[in-house]
Amino acid sequence: MTDFDKENEKSLENSLNKAISDMDFSDISEKLKNSLDNFIDRTMAFVNYRPNNKPVLQTKNPQVCAQNLPEKSKAGLLKAGGIFSFIVTFASGLSVFDGGPDMFTDLIMAIAFGIMGVFSWKKFKEIDMISKDYTRFLKELGHNTVIPIRDLASSIQKSEEDTIKELMYMMNKGYFKQARIVENDSLFLLDIPTFKLYKDQKSQMPNLSYEEKKQIENDAHKNVNIEKAENIIQIASKEINSINLDISRIKSRSFLEKVIEIKKNIENIVNIIKRYPDKAYALDKFMDYYLPTTVKLIDAYAEYEIIESKDPKIKNSLFEIESSIETINQAFGKIQLELMEDRTMDIKTDIDTMKILLNQEGYLEKDWSKDE
């Protein structure tokens, strides 16, 4: 989750807590709607960006890989410093050739700024090369969280020894934030979950071939996805139990129907995760914020109903909470559709392919109502 997402989530959480404390939910519905719309758009992009239906990219995870080049500003300053030094060197050199009274001083300046310019430009080119190699590494990694060093070396056309030096530099500078190099500097592990799995399986993989390392990579993806999916299922089950308790005490018929519907939507999302664990990565914010927020709103409604007050403030709070739940309901329904978007596209492709084949064979043109 990005810093912006965390700040946005914290702002919404504070607004909700304040609304419950002040019994004023007037702006909660609109804030939730805007936040949910943004979340759905991101979920759609997250789910759909899966070449060959593989798990989502860990290289796109800012906690694993830097999304912005860590030394971009430094490279810019070095480039500007190098250019400035060369200009000063050139100007001082002209003064030396003119034979002015400050010729010796100009000579010293020309030499000093010339050295500084060469150093700055050389350092800039090194960082620029590192940045380009980092981009190539990310492309080579793709969906992988385990990859042989020789594959990374091949992607930048350098020796394995030089590639390891670059990787160590990148790990030290924050390009790769969780990476490890193991197996006598022959294997690159991208993230902490993969490293943990590697350690767990270490005793079973003393001398691995290239193909065996690839198999570990595939198993790592599968195991990490399953672990995340199981965590989602466990948390969602607790929240569903909480909703069930509220259902038993809600009096409003219209609100009860909305709560039952939202419970069904949550169960449907959980069932999708059970069937397709690789989709779990798209639901971080859903689990960390939207689901507990939904339960908190339902709890607040049930508690306000118990009061049975005719106070306008409480009545307005009940109305605003119901409006918010309706908004969340619509959003949860969309989330289900977005999670199944790639599956729907696969089915449509299969249907279209079947129609083409049947048409080529002449079966779609035959009139089965007549006997020939």
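Colleague: Before we look at this predicted model, what relative accessible area counts as buried?

Modeller: A residue whose relative accessible area lies between the two cut-offs is called partly exposed, and one over 50% is called exposed. Buried, by contrast, means a relative accessible area under 20%.

Colleague: Is Ala-66 buried or exposed?

Modeller: Ala-66 has its place in the loop between helix H2 (28-48) and helix H3 (72-98). Its relative accessible area is 8%, and buried means under 20%. Ala-66 is therefore buried.

Colleague: How far does helix H9 reach from its first C-alpha to its last?

Modeller: Helix H9 covers residues 253-275, which makes 23 residues. At 1.5 Å a residue the expected reach is 33 Å, and the value for H9 is close to this. From first C-alpha to last, H9 reaches 33 Å.

Colleague: Are H9 and H11 roughly parallel or roughly antiparallel to each other?

Modeller: Helix H11 spans residues 312-339, and H9 packs with H11 at an angle of about 25°, their axes being 9 Å apart. Among the residues of H9 that meet H11 are Phe-255, Ile-262 and Ile-269, and these three are also among the buried residues of H9. Angles under 35 degrees count as roughly parallel, and H9 and H11 are therefore roughly parallel.

Colleague: Are H10 and H11 roughly parallel or roughly antiparallel to each other?

Modeller: Helix H10, residues 284-307, packs with H11 at an angle of about 150°, and the axes are 10 Å apart. Angles over 145 degrees count as roughly antiparallel. H10 and H11 are therefore roughly antiparallel.

Colleague: How many nonpolar residues does the contact of H10 with H11 have?

Modeller: In this contact, residues of H10 including Phe-286, Tyr-290 and Leu-297 meet residues of H11 including Ile-314, Leu-318 and Phe-332. Three residues of the contact are polar and two are charged, while the number of nonpolar residues is 15.

Note on methods. Residues numbered from 1 in each chain as written. Predicted model: local features only at pLDDT ≥ 70, side-chain atom pairs only at ≥ 80, totals over all residues. Heavy atoms only, no water. Helix = DSSP H or I, 4+ residues; strand = E, 2+ residues; numbered from the N terminus. Expected span 1.5 Å × (residues − 1). Buried < 20%, exposed > 50% of the residue type's maximum accessible area, 1.4 Å probe, protein only. Axes fitted to C-alpha atoms, helices over the stretch in contact; angles between N-to-C directions. Parallel < 35°, antiparallel > 145°, perpendicular 65-115°, else oblique. Contact = heavy atoms within 4.5 Å. Nonpolar A, V, L, I, M, F, W, Y, C, P; charged D, E, K, R; others polar.
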